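Biologist: I would like to go through some of the labels on this model and the cut-offs behind them.

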Amino acid sequence: MINIQYPKFPFKIKNEASREVIFDECRKQWVTLTPEEWVRQNFLQYLVQVKQYPASLIAVEKEILVADVKKRFDVLVYKNAKPWMVVECKEMNVPLSEATIRQVLNYNIQLQVEYIVITNGSNTFAMQIKDGQHKWVEEMPEY
């Protein structure tokens, strides 16, 4: 497991049409503040502020086709103009399981990234895929 120290960030949160929304700095739009979205927003700030990943090279909640089925990944980081890391976020009370790994590995059939990350905000795991080998890593990779 990777220990994540989330930075303090002045999130913009407001009520709109009887629901809470949060401003997503990467997407530059207001989105519904669900428990999963809270994890995603905190993890995004960790990537940008702590790990210094360029925000302009992070895609959030985009659709991809996996075996002719439409899927949506949570976070995709690009490096050298290619997908480099995919992150799957779950809400805090959802345990990370083999099913979570299978889900993101399915996305990787299309994405072909070097790093796969799963997080529920409390627990974070990352795997490097290199030369067909899968290896768990102890810390988030440097950009």
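Biologist: Leaving aside neighbours within four places in sequence, which residues is T124 in contact with?

Modeller: This is a predicted model, in which local features need pLDDT of at least 70, side-chain atom pairs count only at pLDDT 80 or more, and totals for chains, interfaces and linings use all residues. Residues are numbered from 1 along each chain as its sequence is written, and side-chain values use heavy atoms, without hydrogens and water. Contact means heavy atoms within 4.5 Å, and T124 has such contacts with M1, I2, I4, Y6, F43, V117, I118 and T119.

Biologist: Why is T124 called buried?

Modeller: Buried means under 20% relative accessible area, exposed over 50%, and partly exposed in between (1.4 Å probe, protein chains only). T124 has 0%, so T124 is buried.

Biologist: What makes the pair T124 and T119 a polar contact?

Modeller: The term requires N or O atoms within 3.5 Å; within protein, one must be able to donate a hydrogen and the other to accept it, and residues adjacent in sequence count only if both atoms are side-chain atoms. The side chains of T124 and T119 make this contact at 2.8 Å.

Biologist: How do you know that C26 is in no disulfide?

Modeller: A disulfide is a pair of cysteine sulfur atoms within 2.5 Å, and the structure holds zero of them. For C26 the nearest cysteine sulfur, that of C89, is 11 Å away.
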